[in-house]
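Subject: Structure for your review

Dear colleague,

Please find the structure below, together with its sequence.

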Amino acid sequence: MRILITGGAGFIGSEFVRNLLSGDATSQDTPRVTILDKLTYSGNVANLATVAADPRYTFVEGDICDADLVDQLMPGHDVVVHFAAESHVDRSIAGSGPFVVTNVLGTQVLLDAARKHGVGRFVHVSTDEVYGSIETGSWTEDWPLAPNSPYSASKAASDLLALAYHRTHGMDVVVTRCSNNYGHFQFPEKMIPLFVTNLLDGKRVPLYGDGGNIRDWLHVSDHCRGIDLVMRSGRPGEVYHIGGGTEVTNKELTARLLAACGADWGSVDHVEDRKGHDRRYSLSIDKLRDELGYTPRVSFEEGLESTVVWYRENRAWWEPLRQKAAL
Ligand SMILES: NC(=O)c1ccc[n+]([C@@H]2O[C@H](COP(=O)([O-])OP(=O)(O)OC[C@H]3O[C@@H](n4cnc5c(N)ncnc54)[C@H](O)[C@@H]3O)[C@@H](O)[C@H]2O)c1
């Protein structure tokens, strides 16, 4: 199997690549991967250092919106797994242009090329944020989309486009929607690595609003296992939720991170709430569990502890990123 992976130098894409290539390189079943990544501020080849010399691995620096490049790269691939995106909600509030370009137009360029070259399967990686916010209960895959941020609106648009290519052109498209991820190699602007790296440096951390927003946290390795299952066995034209981590308020999460880093509430700044801040996300994962036997493996306690340890031990990875991004 030859897989084209977009955004493979980012947080989740690189985990997916490292996992794919962790198996026996000489086995007949072993996949070969091509990474297409623009190396934006959040893309980092250091995330792929452990697989860079693998003969099954090819890295191409480029933009998914570059139709000529994508057209050249696509032939010979059996599957596309599409991670590349502008992914940070706060940045989308500051300016939504790059979100529409990469997340919507970039997805269209990939879909067109995959269709033209008869790629077997297109896996579109998306987010629970496309549903908006839910007070009680959990979303199922047929829930209406009601995104609230420019980020989630651009992801919703790309999901619908991908599904439309299945219905209109009969392409084998599957869409995954996942809850909030955490783990190693996450760019230190997102809540968990931002708080951990601030606290490790003795700095303060910003908590939005009353801290009561609820997120369902899933370890990145569990997300990637879910994508792998859907890539291999999901039904064409279907959406699959990947989640089932732990629902906690941002306040509870802050308390855990303070304790893990040996700090207290004196290090927390209560800042004005994010505009349009969704109150609660919650995914039902019954479909993925019942159809493909999925359950998350990493408990939140264990995953959070190993994540804090990783950031403690890998300053050489995150310090230059923070400096460059002026975080
Ligand atoms: N992080 C989460 O909690 C989460 C949860 C659910 C779904 N997702 C989705 O998973 C995917 C990956 O998210 P992430 O957290 O790894 O993001 P990330 O920001 O860490 O990585 C994005 C990657 O895409 C690349 N990229 C951006 N624009 C590009 C372009 N125009 N052409 C080629 N490459 C480009 C970047 O260089 C980077 O390597 C996204 O589609 C996101 O919507 C993320």
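This is a predicted model: local features need pLDDT of at least 70, side-chain atom pairs count only at pLDDT 80 or more; totals for chains, interfaces and linings use all residues.

Seven strands make up an open sheet, and their order is β3-β2-β1-β4-β5-β6-β10. The pairing in this sheet is parallel. Its edges are formed by β3 (57-61) and β10 (239-242), each of which pairs on one side only. From one strand to the next, the twist averages 20 degrees.

Strand β9 and its partners

Strand β9 (residues 214-219) is largely enclosed by the rest of the structure, because five of its six residues are buried. β9 runs parallel to β7, to which three bridges join it; here N180 has W217 in β9 as its bridge partner. β9 is also joined to strand β11 (residues 246-249), in this case by four bridges and in the antiparallel sense. In that pairing, R215 stands opposite V248 of β11.

Helices α6 and α8

Two packed helices are described by the angle between their axes and the distance between the axes. For helix α6 (residues 191-200) and helix α8 (residues 250-260), the axes come within 10 Å and cross at roughly 35 degrees. The crossing of α6 and α8 is right-handed. On the α6 side the contact involves F195, V196 and L199, which meet T254, L257 and L258 of α8. Of the residues in this contact, five are nonpolar, one is polar and none is charged.

The ligand

Which residues are closest to the ligand? They are G7, G10, S42, G43 and A85, within a shell of 31 residues that surround the ligand. The elements that contribute two or more residues to this shell are α1 (11-20), β2 (32-37), α4 (97-116), β5 (121-127) and β7 (180-182). The largest share, three residues, comes from α1.

With kind regards

Technical notes: Residues are numbered from 1 along each chain as its sequence is written. A residue is near a molecule or strand if its C-beta atom, placed from the backbone, lies within 6 Å of it. A residue is buried if 20 or more other C-beta atoms lie within 10 Å of its own, exposed if 12 or fewer, and partly exposed in between; C-beta atoms are placed from the backbone. Two strands pair if DSSP finds at least two bridges between them. Axes are lines fitted to C-alpha atoms, for helices over the stretch in contact, and angles run from 0 to 180 degrees between N-to-C directions. A crossing is left-handed if the near helix is turned anticlockwise from the far one by less than a right angle, and right-handed if clockwise. Two residues are in contact if their C-beta atoms, placed from the backbone, lie within 7 Å. Ala, Val, Leu, Ile, Met, Phe, Trp, Tyr, Cys and Pro count as nonpolar, Asp, Glu, Lys and Arg as charged, and the others, Gly among them, as polar.
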